[in-house]
Amino acid sequence: LAVLMAGSAVGQGIYTCVDAKGRKIKSDRPIAECMDRAQQEISPTGTVKRVLLPPPTKQERAALEEKENKDAEDRIKAAAENRQNRALLKRYPDRASHDKDRAALLELVNDAIKTATKRSEDLDGQRKGISTELEFYKSSPGKAPPALKRRLDETDGNMAVQKRLLTEKEAEKKRIDERFDAEFARLKPQWDAVAATSAAVLPNSVKNP
């Protein structure tokens, strides 16, 4: 029996802590007076086997839950971003395809700008012609033909439409460039990674055709 008791004592730890009153307490089991604070389990050789931490407070639990929720949101966001990056790389496997798409979209907008600019110039010429005709009635504006006035109003309205269209198309060009610049920033690391992988595989394929 003495041998068994001695054997069971070997390996048992001693728990120690300092309670709220500043007393250092030791016990062969976790100490109830120190459940609200850290306590150490000391091995028979005198080393610290582990540290028992107190259960988290309400505020700590709330902070931990908030952190876990934030981490979960970050993981979901990262996964979605990875899916988007893979889809983007599939659409644009290299810079040439990306540049080609940008150029095609900008060309469409530039064509619309050229058309609107030409229309604005034509309307400006028409307005000058109408203004010249109205010069004859400068001394007596009330005698100017109503149809001439309507033509002037219609021309002014059409010129305003073309001006708004030009403003919108310039803004569209800016949005296209911003979109492709942002995509390029995401694609560049992926292109580089693909190129690096291809460069690493190529020597092996040359050695083992």
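Biologist: In β3, which residue is the bridge partner of Thr-16?
Modeller: The model is a predicted one. Strand β1 covers residues 14-18 and is joined to β3 by three bridges, the two running antiparallel. Ile-14 of that pairing stands opposite Ile-42 in β3. For Thr-16 the bridge partner in β3 is Gln-40.

Biologist: Which residue in β4 does Gln-40 stand opposite?
Modeller: Strand β3 (residues 39-42) pairs with β4 in the antiparallel sense, over four bridges. β4 itself spans residues 48-52. The residue opposite Gln-40 in β4 is Val-51.

Biologist: What is the order of the strands in the open sheet?
Modeller: β1 is joined to β3 by three bridges and to β2 by four. β3 in turn pairs with β4. The pairing in this open sheet of four strands is antiparallel, and the order is β2-β1-β3-β4.

Biologist: Which strands stand at the edges, and why is one side of each left without a neighbour in the sheet?
Modeller: The order is β2-β1-β3-β4. β2 (24-27) and β4 each have a single partner strand, so one side of each has no neighbour in the sheet. From one strand to the next the twist averages 20 degrees. The edge strands are β2 and β4.

Biologist: In the hairpin of β1 and β2, which residue takes a positive phi?
Modeller: The two strands run antiparallel and are joined by four bridges; in one of them, Val-18 has Lys-24 in β2 as its partner. Five residues lie between the strands of this hairpin. The residue with a positive phi, near 85 degrees, is Gly-22.

Biologist: And in the turn of the hairpin formed by β3 and β4, what is the phi of Gly-46?
Modeller: β3 and β4 pair over four bridges in the antiparallel sense. Five residues lie between them in the hairpin, and Gly-46 is in the turn. Its phi is positive, about 95 degrees.

Biologist: What are the closest N and O atoms of Arg-23 and Asp-19 apart?
Modeller: Asp-19 counts as buried, at 4% relative accessibility. Arg-23, at 45%, counts as partly exposed. The two residues form a salt bridge, and the closest N and O atoms are 2.7 Å apart.

Biologist: Is Glu-41 buried or exposed?
Modeller: Glu-41 stands opposite Arg-50 in β4, and the side chains of these two meet in a salt bridge of 2.4 Å, N to O. Arg-50 is partly exposed, its relative accessible area being 41%. Glu-41 has a relative accessible area of 6%, and since buried means under 20%, Glu-41 is buried.

Biologist: Which residues are linked with Glu-41 in a network of salt bridges?
Modeller: A search of the whole structure finds 18 salt bridges. One of them is the contact of Glu-41 and Arg-50. The residues linked with Glu-41 in the network are Lys-49 and Arg-50.

Biologist: What is the area of the nonpolar surface patch made by Val-48, Val-51 and Leu-53?
Modeller: Val-48 is found in strand β4, and Val-51 of that strand stands opposite Gln-40. Val-48 is partly exposed, with a relative accessible area of 43%. The patch has an area of about 290 Å².

Biologist: How many residues apart are Asp-122 and Lys-118 in helix α3?
Modeller: These two form a salt bridge, with the closest N and O atoms 3.0 Å apart. Asp-122 is partly exposed at 32% relative accessible area, and Lys-118 is partly exposed at 45%. Both lie in helix α3 (residues 95-134), and their separation, about one turn of the helix, is four residues.

Biologist: Which residues does Glu-183 touch, not counting residues up to four places away in sequence?
Modeller: Glu-183 is found in helix α4. Its relative accessible area is 10%, and Glu-183 is buried. With residues up to four places away left out, Glu-183 touches Leu-88, Tyr-92 and His-98.

Biologist: By what distance are the C-alpha atoms of Lys-169 and Gly-142 separated?
Modeller: Lys-169 is placed in helix α4 (residues 146-207). Not counting residues up to four places away in sequence, Lys-169 touches Val-109, Ala-112 and Ile-113. Gly-142 is 27 residues from Lys-169 along the chain, and the C-alpha separation is 40 Å.

Note on methods:
Residues numbered from 1 in each chain as written. Predicted model: local features only at pLDDT ≥ 70, side-chain atom pairs only at ≥ 80, totals over all residues. Heavy atoms only, no water. Contact = heavy atoms within 4.5 Å. Patch = residues over 30% accessible without salt bridge, like charges linked within 9 Å, V, L, I, M, F, W, Y side chains within 5 Å. Areas by Shrake-Rupley, 256 points an atom, 1.4 Å probe, with all protein chains shown as cover. Salt bridge = Lys/Arg side-chain N within 4 Å of Asp/Glu carboxyl O. Buried < 20%, exposed > 50% of the residue type's maximum accessible area, 1.4 Å probe, protein only. Pairing = 2+ DSSP bridges. Axes fitted to C-alpha atoms, helices over the stretch in contact; angles between N-to-C directions.
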